[in-house]
Amino acid sequence: MIVYLIRRFINYAILSMIATVMAYVLACLALDPKARYLGRNPRPSDEAINHILNRLGTNPDDPILSRTMHWFTQIIFHGNFGQEYNYTSVSHDMFVRSGVSLQLLLLGSFLGAFFGVALGVWGAVRQYKASDQIVTYSSYLVLATPVFVLGVLLMIVATNFNNAVGHQVIQFTGQYTPGLNGTWNILQDRVSHLFLPTLALSMFGAAEYSRYQRNAMLDVLSADYIRTARSKGRTRGAAMVRHGVRVALIPMSTYFAYSFGTLIAGSTFLEKVFSWHGMGEFALDSIIKNDINATAASIFYVSVLVLISSTLAEVLYAALDPRVRI
Amino acid sequence: MVNAPLLEVRNLSVDFPQNNSTVHAVRDISYVINRGEFLGIVGESGSGKSVSSMAVMGLLPSSAQVSGDILFRGESLLDMDDRKLSRLRGNEIAMIFQDPLSALTPVYTVGNQIAEGLLLHDKALSKQAAATRAVELLRIVGIPAPERRVKAFPHEFSGGMRQRVMIAIAIANNPNLIIADEPTTALDVTIQAQILEVLQKAKEITGAAVVLITHDLGVVAGNADRIAVMYAGKLVETGSVDDVFNRPHMPYTLGLLRSVPNLITAGKTRLVPLEGRPPSLDALPPGCPFEQRCPIAIDACRETEPPLLSIGSSHEAACLRAPEIAAGQLQAADVFPRPEPIPAADQAKVEGRTVLEVTDVKRYFTLTRGAVFKREIGKVKAVDGISFDIHEGEVLGLVGESGCGKSTTILEILELTSPQDGSIKIDGVDVSTLTKDQRLAKRKDIQVVFQDPMAALDPRLTIEDIVAEPLTVHNVSKADQRRRVGELLDTVGLEASMGSRYPHEFSGGQRQRIGIARALATEPKLLILDEPVSALDVSIQAGVINLLEDLKERLGLSYLFVAHDLAVVRQIADKVAVMYLGRIVESGRVADVFARPHHPYTQALMSAVPIPDPDAERSRKRILLDGDLPSPTDEISGCRFHSRCPLFKVLDPSLQQRCLTEDPQLRVIDTSSAACHHAELNTLQVT
């Protein structure tokens, strides 16, 4: 089993390497770093622009192949993702910012999965009853709302709430308030900042997961082994949880891996809405600024996350389902 | 209450409300089960036999409306809530279900699932003690190496083994009542015999009363004390096994008993078909539900539904004319006369040419591993050198357990291309020499009828289109197609006017007739029948078998009849070939093979088939096979059957040596041939 997982991991690693290289090539083709300088007033001389771009290694006059080779060997041998347009190190920025993003992503996806599973199971057990209908329609409503609209709506609700209470309970700009002292104060402040974006992200996740979980659970509900469990003397509820939910979770682990990509996309916009300086913001800004190195690096970051979540999904699947263990 | 019977069902009715009608699945039935009794409930699908037992367990879906009363030791089960019922379930009343493959939760070990039942009802029991008891229970139900197997997951067990585990779960808490709902239906006959044996053993150990629900009259004949026959949601006859089998009083029971092929009588007399189908349960006629199919129905039958009338001591039948049957004024033969065979004048002349000749055909499947670089890790010898031939107007029955290579054999023949090894000749022409056009033309000569008539017909085509489809392939004009379809429907006993209907409007038996009509469309010489009656209800089977017999006589057809039901093969076939693990182990004329089987496997197969006759069943000596079919990937040296062979076990070690090292070939013994080294020493008796 371990050998199998290692092999899968290596497979995924090679895939994400290919994805990153292709992303770099794509970024080279799509982005025009010169445009950053041409619009300036006074316009820098061509030599000056070429000088800067050569230093960054992103001069469009060089052949793409040699630029890609240079960029790639720098990563492989020096762990160096190059520099951003303002000469800061991409690697360093990526390190700091991914910490910010992961806070949001991990908490958001965990809570989303948890509530999604719970709502899905509940909806399946109460199929076609009012509660199931409400869950179904509200999750479609959430799914149909763009993430940034959801974010803004939540901000409005939070503002009203803050006004009603009389002081700023829920914060919604930035990751923390600078200049606070005392562990308890800092922790409280962090939570109050984290609350709204996490809520938005997990609502989105829960809405999606609950649809899949409801289906998986409905398949299981009429299964013969639930009947067997009840014939042994389990009550309806206990049989449903111990034998039903446990089996209905199996297909969810695969789904978890695939939905992770959409979750990252969702968090990109949320970071922008809630002014979090994470990888999502980094990616958006680097595209706007025609920054090839930073754009390719943010795609590398996403592919690594997908790599980890896919491997995790495999481990989870094997842990949940003895039939696939080798 | 001490004197109350173990289980008393009083006026039980179960309704399932639908959108604009109500399905009356069980209608006003009452019965009693005493301590330690073995009751068999017999009925066809949709007769309400399972629903009534699920009502006893309290496991009906929430949409069911239950009325009447169910008393377990005097206490009403219908008044109990789920929590209270749960204390009884698994502890006092246990249940074994039909499909063992899906009845166990796939994610827990079997030991866990057995221990679960123990721990639920005995809070003082430690986990360790429960695990030990689980091992012991596995040993009781005959799982080899239980200490090791207790940690295995359900998917590592075969169907038969899983059903043993289900029995272990059922008997874990020494229940007073075990309900077994078609426990052997999904299993091979050799495994069925094993499971019935384990069920009897479980009954002896726990002293529990057993309710065995089945559609197979043979299964209850040898095991049950009493029988209840259900039809259209009603009990129509109850009584002791001997009374019901020997002196049936309800025409349905009578017809059912005469329609089932029976190893003892099969092949000597024609079957008596029980035509028609039960009424739909949401629109029942006011009178007797069997009236439409009943040959002795009178006007009164159409007016009121007859109640159960007492005939003798504890023998009841729901028929207005039961007194006449009891008095001997109506004989079974008068009620359901045996159909006459096709008169000699109508029989086609057959010259006895060889229609199909299969010589030493092999089909191996290689198992590979790896996605990019495939390497061979094993071989499945699905068909390993088999030879047989079929002459004009002859029926060859091919029998064996599932996994023995029957299906691969027929697919290989239907392929009409050269097999991996060996040769196939159709009508004297070697199929490997055919060109593409010749192959298409040859397909006319050889047609197939499939097992499941529901799945084999396209639901979106009319019957006319389905039957005409083979003609379209062979460029027959539209007008000719229509004429031919009318003829064909008439030939198989359907009305030509039915052509514009869709498959879902027909019953299982009618659909199989449509399948046969389609196969006959191209006027083939050879029909391959792949388990043509095993998916049909027992009462329908006889009609289809008779039709196949008549068609053979009238059209001079030849059949390759693949089946696992030996009685059906005995009924229709002229020759039989018994397959085991890709080889034919015995073949010959049916009369010879069935009268004197030489191979121990044939003997075991025959003795595993239950006979719907309680006297014969009780006096039989059984040869039980151990375990399951070995995995087809295993390399077996010597005789393939030696691991399960009952003869091998009683042989002298010096003689066993030959079985272990030398692969036996088919050789002529008496009038048939068998692949066994020691057939002459075989003293195992089969009756």
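**First stop: a helix in chain B**

Select helix α6 of chain B, residues 159-171: at 1.5 Å a residue, its 13 residues should span 18 Å, and the end C-alpha atoms sit 19 Å apart, which agrees. Keep in mind as you go that this is a predicted model.

Of its 13 residues, 12 are buried, so the helix is largely enclosed by the rest of the structure. Among the buried ones are B:G160, B:M161, B:R162, B:Q163 and B:R164. What covers the buried residues of α6(B)? Color α9 (224-232) of chain A, then β6, α3, α4 (127-140), β7 (177-181) and α7 (189-206) of chain B: the cover includes these.

**Next: where the chains meet**

Select the contact between the chains, with 26 residues from chain B and 20 residues from chain A. On the chain B side, pick out α2 (82-88), β6 (93-96) and α3 (110-121), each of which supplies at least two residues. Color that side of chain B by class and you get 12 nonpolar, eight polar and six charged residues.

**Last stop: two helices in chain A**

Go to α7 (147-165) and α8 (183-221) of chain A, which pack at about 135 degrees with their axes 10 Å apart. They are therefore oblique to each other, and their crossing is right-handed. Show side chains for the contact: α7(A) brings A:V147, A:L150, A:G151, A:L154, A:M155 and A:A158, while α8(A) brings A:L196, A:L199, A:A200, A:M203 and A:F204. By class, that contact has 10 nonpolar residues, one polar and no charged.

Note on methods: Residues are numbered from 1 along each chain as its sequence is written. Chains are lettered from A and ligands numbered from 1 in the order in which they are written. This is a predicted model: local features need pLDDT of at least 70, side-chain atom pairs count only at pLDDT 80 or more; totals for chains, interfaces and linings use all residues. Axes are lines fitted to C-alpha atoms, for helices over the stretch in contact, and angles run from 0 to 180 degrees between N-to-C directions. Helices (H or I, at least four residues) and strands (E, at least two) are DSSP runs, numbered from the N terminus. Angles under 35 degrees count as roughly parallel, over 145 as roughly antiparallel, 65 to 115 as roughly perpendicular and the rest as oblique. A crossing is left-handed if the near helix is turned anticlockwise from the far one by less than a right angle, and right-handed if clockwise. Two residues are in contact if their C-beta atoms, placed from the backbone, lie within 7 Å. Ala, Val, Leu, Ile, Met, Phe, Trp, Tyr, Cys and Pro count as nonpolar, Asp, Glu, Lys and Arg as charged, and the others, Gly among them, as polar. The expected span of a helix is 1.5 Å times one less than its number of residues. A residue is buried if 20 or more other C-beta atoms lie within 10 Å of its own, exposed if 12 or fewer, and partly exposed in between; C-beta atoms are placed from the backbone.
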